[in-house]
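Please open the model in a viewer and keep the selection tool at hand. The stops below are arranged so that each selection leads on to the next.

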Amino acid sequence: MTTTRTPIVEIVGLRSASRYYCSMQKLLAFLQLCRFAAVFTAMADIFLGYLLTHQDGFESERDFGLLLGSSACLYLAGMVFNDVFDRDDDALERPKRPLPSGRVSVREAVSLGTCLVATGLALAGVVGIQSAIAASLLTGCIFLYDGVLKSTPIGPLVMGGCRFLNVMLGASTASFITGESAAWSMPQLAVAFGLGIYITGVTWFSRHEAGESPRWQLGGALMTVNLGLVILIGFVVHWPEVMLSREAVEGGLQWATNMAQRSWNTALALGFIGIIINRRLLAAVIDPSPAKVQASIRTMLLSIIILDASLVFFVQEDRMYAIAVALLLLPATLLSKALAIT
């Protein structure tokens with residue numbers, strides 16, 4: 001009688017494949033935990049804030065890259081701590097999320113979130129004091145929302161503040177010719193404010209996305225989202241008037257006229273985006289089921305990238321910058337099919 005033995009190479013191979021599979025499953029759980037697909041919307045804000053305040057484009061690729069990394073880290077950290085604080089509610093409403101399902105432990109989540117916060121703040125600090133201030137304010141706003149104010153009436157407004165500060169982080173290296181800081185000034189304040197109001201509406205719209213959403217709440221959120229869009233459209237329509245007088249004095253009337261024409265083209269683009277968004281929102285108001293509401297939220301979040309790209313198109317003559325921002329929609333859309341963004 002003979003016995004067969006499994007070759008040692010086959011055993012090692014099976015163990016390696018098993019370890020690889022477990023590692024990939026763990027990585028997937030972490031990506032789901034931090035809603036990785038949505039990070040590209042935060043990165044688009046940095047493009048916008050930076051290009052609003054640097055007419056010559058990427059004047060410092062180093063600073064821009066550091067700000068991009070800082071924003072991404074802080075955004076991902078916010079998503080992680082959101083689930084840490086909501087883990088009891090998620091156990092009832094979303095048991096398949098990484099924390100309630102046990103695929104990621106609370107300790108692992110807190111460690112990851114802490115590392116992301118530390119890295120985000122460090123990257124901003126390397127850029128300069130204004131960037132460090134913006135990143136610190138953004139971090140404070142994130143923890144206020146996640147840990148204290150999320151379920152309160154002002155929760156959506158605080159989340160809007162996070163988006164406002166993210167744009168301002170991108171604009172934090174702005175300076176006058178004299179070198180004096182111009183980070184907290186126009187035009188970035190107006191644009192950041194408009195996007196902040198927009199996100200306030202998005203957050204309000206998503207408050208009861210796991211269940212039946214009250215129609216009055218969805219209607220109020222719809223109006224808030226549109227208020228943010230109106231502010232952005234108002235900015236691109238009226239800002240060239242200020243630029244026109246300045247450029248006319250400096251002998252650049254033709255440039256200012258072209259700028260005004262570009263503003264109307266941008267306003268039309270923003271209006272078209274608004275129509276697409278409102279179509280989704282109205283469908284959810286009519287049928288406030290979780291599926292319709294969550295589809296609307298996904299549309300609104302991904303639309304941030306196109307809104308940012310349209311505004312970059314307005315402020316930068318080189319079309320490649322707007323195209324670069326718009327291309328962020330590709331990984332965001334593809335990854336959102338496997339990694340939920342809400």
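**First stop: aromatic rings**

Select Phe 47, Tyr 50 and Phe 64, which together form one aromatic cluster. Rings of Phe, Tyr and Trp (the six-membered ring of Trp) are paired if their centres lie within 6.5 Å; planes under 30 degrees apart are called stacked, those over 60 edge-to-face, and the rest tilted. The model is a predicted one, in which local features need pLDDT of at least 70 and side-chain atom pairs count only at pLDDT 80 or more, while totals for chains, interfaces and linings use all residues. Residues are numbered from 1 along each chain as its sequence is written, and side-chain values use heavy atoms, with hydrogens and water left out.

How many aromatic pairs are there by this rule? The count is five. One of them joins Phe 36 and Phe 40, an edge-to-face pair with 5.9 Å from centre to centre and 80° between the planes. Phe 36 has 27% relative accessibility and therefore counts as partly exposed, whereas Phe 40, with a relative accessible area of 11%, is buried. Here, buried stands for under 20% relative accessible area, exposed for over 50%, and partly exposed for values in between (1.4 Å probe, protein chains only).

Next, return to Tyr 50 and Phe 64: their ring centres are 5.4 Å apart and their planes lie at 65°, so this pair is edge-to-face. The pair links distant parts of the chain, with Tyr 50 in helix 2 (residues 39-52) and Phe 64 in helix 3, 14 residues apart. Helices are DSSP runs (H or I, at least four residues), numbered from the N terminus. Both Tyr 50 and Phe 64 are buried.

**Second stop: the charged network**

Select Arg 35, Asp 83 and Arg 97, which are linked in a network of salt bridges. A salt bridge is a side-chain nitrogen of Lys or Arg within 4 Å of a carboxyl oxygen of Asp or Glu. The structure holds seven salt bridges.

Begin with the side chains of Arg 35 and Asp 83, which meet at 3.0 Å, N to O. Arg 35 lies in the loop between helix 1 and helix 2 and Asp 83 in helix 3, so the bridge ties together parts that are 48 residues apart in sequence. Both Arg 35 and Asp 83 are buried; for Arg 35 the relative accessibility is 4%. Most residues other than glycine have a negative phi.

Then move on to the salt bridge between Asp 83 and Arg 97, at 2.6 Å, N to O. This pair also links distant parts of the chain: Asp 83 is in helix 3, and Arg 97 is in the loop between helix 4 (87-93) and helix 5 (98-101), 14 residues apart. Asp 83 and Arg 97 are both buried.

Which residues does Asn 82 contact, leaving aside its neighbours within four places in sequence? They are Arg 35, Tyr 145, Asp 146 and Lys 150, where contact means heavy atoms within 4.5 Å. Asn 82 is in helix 3 (residues 61-85), and at 9% relative accessibility it counts as buried.

Select Gln 316, in the loop between helix 12 (290-315) and helix 13 (319-326). Gln 316 is buried, with a relative accessible area of 2%. A polar atom of its side chain lies 2.8 Å from the backbone oxygen of His 54. With neighbours within four places in sequence left aside, the contacts of Gln 316 are Leu 51, His 54, Gln 55, Gly 57, Arg 262 and Tyr 321.

**Last stop: towards the surface**

Select Lys 292 and Asp 287, which form a salt bridge whose closest N and O atoms are 3.5 Å apart. Lys 292 is partly exposed, with a relative accessible area of 35%, and Asp 287 counts as partly exposed at 32% relative accessibility.

Finally, select Trp 184, in the loop between helix 8 (155-170) and helix 9 (188-205). Is Trp 184 buried or partly exposed? At 33% relative accessibility, Trp 184 counts as partly exposed.

Terms used:
Helix = DSSP H or I, 4+ residues; strand = E, 2+ residues; numbered from the N terminus. Polar contact = N/O pair within 3.5 Å; in protein donor to acceptor, adjacent residues only side chain to side chain.
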